[in-house]
Amino acid sequence: MTTDALSHVHRLVPGTDPNRRPLLLLHGTGGDETDLLPLGRAVAPGAALLSPRGAVLEHGRPRFFRRLAEGIFDEADVRRRVHDLADFVLAARERYRLDAPLALGFSNGANIAAAVLHLRPEALAGAVLLRAMVPLTEPPVARLDGLPVLLLSGSADPIVPAENAARLSARLVGAGATLEHHVLPAGHGLTQADLDLTTAWLARH
Ligand code: MLT
């Protein structure tokens with residue numbers, strides 16, 4: 001059932017496997033809290049799924065932060081939304097008695113997850129970033145202290161230039177993340193290789 005009892009409208013699917021960390025599912029532009037539930041179930045069977053809806057509307061389409069144009073972000077809004085989302089995660093953990101989640105974000109959802117890693121990494125146990133780009137001009141302020149991150153980029157992604165994905169990768173490593181970065185023969189959309197790599201990585205974390 002979708003609920004808006006916390007700051008974000010969200011779904012919570014309780015976990016059935018106590019050895020699995022919860023997943024924080026973060027959808028792409030125009031998605032909602034139901035979008036990534038099938039993906040979460042497929043890549044982490046038995047994990048609790050916490051799936052908020054982005055609180056920003058762009059022509060009626062939910063997102064996790066405002067942008068000025070394609071790939072040009074309203075960074076003041078990014079910062080504000082990072083704190084809102086991190087605070088939501090803390091409140092949801094308390095309400096539902098969840099361990100710190102691994103974020104699983106796609107596109108705009110991957111970008112807000114990358115921004116959380118820049119500003120509030122303690123909200124997450126790690127992250128899978130699917131087609132993420134650099135979310136903020138300034139590099140991370142916090143040390144990531146070995147936080148595990150899987151970054152999957154597409155070599156033919158028309159939204160995320162290869163240089164941008166490489167810059168994000170270098171930043172995360174520079175901040176101390178334990179990063180696995182794969183550039184797949186893909187565009188912005190997900191492929192079977194994304195699912196296979198994500199499933200294998202989540203089984204190890
Ligand atoms: C963004 O705005 O976060 C990125 O351009 C990805 C997208 O949502 O299209």
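Leaving aside neighbours within four places in sequence, L179 is in contact (heavy atoms within 4.5 Å) with V149, L151, S169, L172 and V173. L179 itself belongs to strand 11, residues 178–184; strands are DSSP runs of E with at least two residues, numbered from the N terminus.

This is a predicted model, in which local features need pLDDT of at least 70 and side-chain atom pairs count only at pLDDT 80 or more, while totals for chains, interfaces and linings use all residues. Residues are numbered from 1 along each chain as its sequence is written, and side-chain values use heavy atoms, without hydrogens and water.

Now to the ligand. Around it are T29, R63, F65, R67, E70, G71, F73, S107, N108, N111 and I159, each with a heavy atom within 4 Å of it.

| Residue | Distance to a ligand oxygen |
|---|---|
| T29 | 2.5 Å |
| R63 | 2.8 Å |
| N111 | 2.8 Å |

Polar contacts are pairs of N or O atoms within 3.5 Å. The ligand alone exposes 260 Å², and the protein buries 96% of that, by the Shrake-Rupley method with a 1.4 Å probe.

Note on methods:
A polar contact is a pair of N or O atoms within 3.5 Å; within protein, one must be able to donate a hydrogen and the other to accept it, and residues adjacent in sequence count only if both atoms are side-chain atoms. Helices (H or I, at least four residues) and strands (E, at least two) are DSSP runs, numbered from the N terminus.
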